[in-house]
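Please look over the sequence and the 3D structure shown here.

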Amino acid sequence: LGSEQQGVSLAQGAARSRQTGNMVDFVMPEVSVFVEGWGPPPNGELQTPLGICDFVDHLDKFPVTRIGRICDFTASGQRFQQEKGKGKGKGKDGKGKSSYQQLQPNKDDEGFSVVDNRPIPGKSQGRGKGGSKGKGKGKGLQANYQEGILGQKQKAFFQDKGQTKGGKGGKKGGAQRRGFPSFKEWSVQTRPEWTLMRELPMTSLAKLVINAKDVQFEDVMWCGKLHDYNKAFDRLTVKTERPQKRFEDLNFFNVTSADDPILPDLLQSDPTVTVIATDHVLACLITAARSVYSWDIIVSKVGGKLIFDKRDGSQVDFLSCNETAQDPPNADDPLSINAPIKLGQEASCINQNFSQMVLDQDRAPQEMEHPNPFEDEEDSSVASGAYRYRKITLPGNPKATSDFEQNPVSLIVRTEVNCKMPGSEKHLVSVKALNEFDPKPAYNWRLHLESQRGACLATELKNNAFKLGRWTAQAILAGCETMKIGYVSRQQASDPWSHSILGVQTYAVDGFAEQIGLTRNNMFGIVRNMIDLVMTWDDGKYLMLKDPTKSVLRIHEVPWETFLEADEDEEEEEEEQELDEDGNVIQAQPVAPAIRTT
């Protein structure tokens with residue numbers, strides 16, 4: 001039937017129903033006709049009486065109190081619903097009935113219910129070979145703890161259909177890692193007014209290469225002092241383990257590029273230098289494809305000069321623990337000793353203490369030509385180590401279209417050297433430490449480190465690919481020939497403050513880099529291409545942000561005052577907390593062991 005015939009038939013059927021009394025009176029409402037556009041016609045163009053499509057202007061006639069949130073069936077919408085659920089509706093209840101998630105009623109959700117009523121996988125789901133556990137995080141901890149990727153609340157996620165509930169039928173790992181990263185919180189919350197300049201897939205970074213043989217290195221300045229390495233630690237075994245000492249009275253520095261007293265002066269005084277950075281920032285960028293957590297780097301361009309920098313207290317300053325493991329750290333209680341935020345603090349403390357414990361204090365250190373640039377004259381308790389300012393010249397690409405890409409680029413990098421080998425001033429050493437926090441009966445360092453050293457290292461390469469990659473890149477940038485990697489384990493699994501050194505392994509930096517798949521051609525190719533990319537844009541402030549949900553690096557243009565207001569607010573809060581009601585200074589309570597990073 002046509003539309004006119006169909007309307008006549010419905011009207012005739014309603015009239016016959018009224019005559020016979022077989023049904024309730026029903027009169028078809030008028031429907032507005034608007035052929036010139038989409039939706040109901042404007043009020044001024046109504047050709048027919050108000051009909052069923054014109055209710056928007058007459059909401060008072062309908063039992064609708066307000067317009068609420070639309071139904072969002074995307075993955076982000078599902079995660080939003082789960083976060084609002086606050087843990088309600090997990091799995092099945094004791095009676096065997098499925099309990100479904102419900103939104104917490106608030107001013108935005110009052111009177112509405114969730115359309116998606118699928119049960120959320122419980123924490124006990126997926127604990128077999130193919131399962132994945134929830135990842136716990138916590139906020140609001142002390143300021144010297146790492147924020148962002150190691151300090152966020154737990155978020156639920158949907159389990160992959162290809163996964164089973166564990167047991168012998170489960171798949172052998174990998175599936176849950178591809179679909180669901182460990183942590184979905186951003187190190188920096190983006191704002192709508194920020195301009196997205198570029199989105200780079202991490203897979204594309206592996207294709208960026210230059211000829212490393214054409215890269216030139218030049219020492220600009222040495223600062224600090226270098227102790228000799230104590231070779232007695234090379235003879236350590238599990239049976240002769242040593243308790244790790246604490247160096248809580250020493251100051252460890254990781255100053256930003258802009259606050260460095262030397263780097264900005266070198267950038268202004270040398271017209272050939274275009275970029276300044278630190279080894280921590282460049283190493284994080286070089287090994288970005290290995291990371292899972294979110295982190296960020298700030299790049300400032302002023303007058304054709306670039307400053308690669310970080311935020312104070314950002315994720316770049318701290319170490320992660322088992323970041324790339326198949327079963328990352330998980331703790332329902334964020335204050336647990338095995339929560340990711342606590343493990344990050346523990347790993348950072350271990351590395352600081354280990355770098356000072358392996359030094360030979362019986363021999364006088366080698367004093368550099370300049371003192372430690374961050375040392376306070378009134379306080380001489382500074383950790384031993386040297387800062388090596390190096391000028392690195394990256395070759396240009398003759399086939400490039402722009403003049404800047406065709407010409408070489410020089411950058412000055414502040415690198416760190418921990419110690420040197422005895423009897424050789426040029427044999428520089430980088431000292432790092434891996435830590436074991438949850439030894440299991442089937443696998444732990446006290447049982448397998450001596451007999452299966454290769455297997456232990458392979459396990460660490462799999463579980464801490466990003467951390468080991470960063471250490472190797474820092475050693476290459478600093479010009480170190482040797483890496484000393486210590487194996488540090490808790491004396492008791494329930495005590496995160498007492499540790500023992502079980503052994504130290506020695507690796508040649510170039511050989512270790514080849515073993516983990518880190519090539520110099522790719523290292524400097526990433527740095528050169530990132531410089532070329534930012535140099536094509538106008539002067540401004542740019543934020544390189546790692547996406548925690550997928551392997552993508554996003555670059556945003558942000559206002560100049562971004563991140564400055566937060567630092568000022570933190571300083572004001574600290575000043576307010578220092579004085580009591582009587583105006584007396586309140587002494588801060590010590591936290592042991594604290595990460596003392598200036």
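## Overview

This is a predicted model. The protein has 598 residues, and 46% of them count as buried. Its secondary structure comes to 13 helices and 15 strands.

Contacts across the sequence can be sorted by how far apart the partners are. Among contacts between residues at least 6 apart in sequence, 72% join residues at least 24 apart.

## Nonpolar cores

The largest nonpolar core has 73 residues, and the members that touch the most others are Ile-297, Phe-308 and Met-544. Helix α12, which covers residues 520-535, gives the most to this core, with nine residues. A second, separate core has 16 residues, including Val-358, Leu-359, Ile-501 and Val-504.

Which residues does Ile-297 touch, not counting those up to four places away in sequence? Its partners are Val-281, Cys-284, Leu-285, Phe-308, Asp-309, Tyr-542, Leu-543 and Met-544.

Helix α10 spans residues 465-478 and has 14 residues. From its first C-alpha to its last it reaches 20 Å, close to the 20 Å expected at 1.5 Å a residue. Is α10 largely enclosed or largely open, and why? Buried means under 20% relative accessible area; 14 of the 14 residues of α10 are buried, so the helix is largely enclosed by the rest of the structure. Gly-479 follows α10 and has a positive phi, near 80 degrees.

Helix α5 covers residues 279-286. Eight of the eight residues of α5 are buried, so this helix too is largely enclosed by the rest of the structure. The buried residues of α5 are Asp-279, His-280, Val-281, Leu-282, Ala-283, Cys-284, Leu-285 and Ile-286.

## Cavities

Rolling a probe the size of a water molecule over the atoms shows where empty space is left. A search of the whole structure finds seven cavities of 30 Å³ or more. The largest cavity has a volume of about 640 Å³. Of the 34 residues that line the largest cavity, those closest to its centre are Phe-252, His-280, Gln-352, Glu-416 and Lys-432. Two or more lining residues come from each of α5, α6 (340-357), β8 (385-394), β9 (409-417), β11 (428-436) and α10. Helix α6 gives the most to this lining, with five residues. By class, the lining of the largest cavity divides into 14 nonpolar, 15 polar and five charged residues.

The second largest cavity holds about 110 Å³ of space. It is lined by 14 residues, and Phe-318, Ser-320, Glu-323, Phe-466 and Arg-470 lie nearest its centre. Which element gives the largest share of this lining? Helix α10 does, with four residues. The lining of the second largest cavity has nine nonpolar, two polar and three charged residues.

## Residues in loops

Asn-322 is found in the loop between β6 (305-309) and α6. At 15% relative accessibility, Asn-322 counts as buried. Most residues other than glycine have a negative phi. The phi of Asn-322 is positive, near 55 degrees.

Thr-519, in the loop between α11 (509-515) and α12, has 43% relative accessibility and so counts as partly exposed. Thr-519 is 310 residues from Val-209 in sequence, with 9.1 Å between their C-alpha atoms. Trp-186 lies in the loop between α3 (175-179) and β1 (195-201) and is partly exposed at a relative accessible area of 22%. The C-alpha atoms of Trp-186 and Asp-547 are separated by 7.0 Å, though the two are 361 residues apart along the chain.

Asn-230, in the loop between β2 (216-228) and β3 (242-243), is partly exposed with a relative accessible area of 21%. Leaving aside neighbours within four places in sequence, Asn-230 is in contact with Val-358, Leu-359 and Asp-360. Val-358 and Leu-359 are included in the second core.

Conventions:
Residues numbered from 1 in each chain as written. Predicted model: local features only at pLDDT ≥ 70, side-chain atom pairs only at ≥ 80, totals over all residues. Heavy atoms only, no water. Core = buried A, V, L, I, M, F, W, Y, C linked by side-chain atoms within 4.5 Å. Buried < 20%, exposed > 50% of the residue type's maximum accessible area, 1.4 Å probe, protein only. Contact = heavy atoms within 4.5 Å. Expected span 1.5 Å × (residues − 1). 1 Å grid on protein atoms, 1.4 Å probe; cavity = no way out; pocket = protein on both sides within 12 Å on 5 of 7 lines; lining within 4 Å. Points joined across faces, edges and corners; volume = space filled by probe spheres on them. Nonpolar A, V, L, I, M, F, W, Y, C, P; charged D, E, K, R; others polar.
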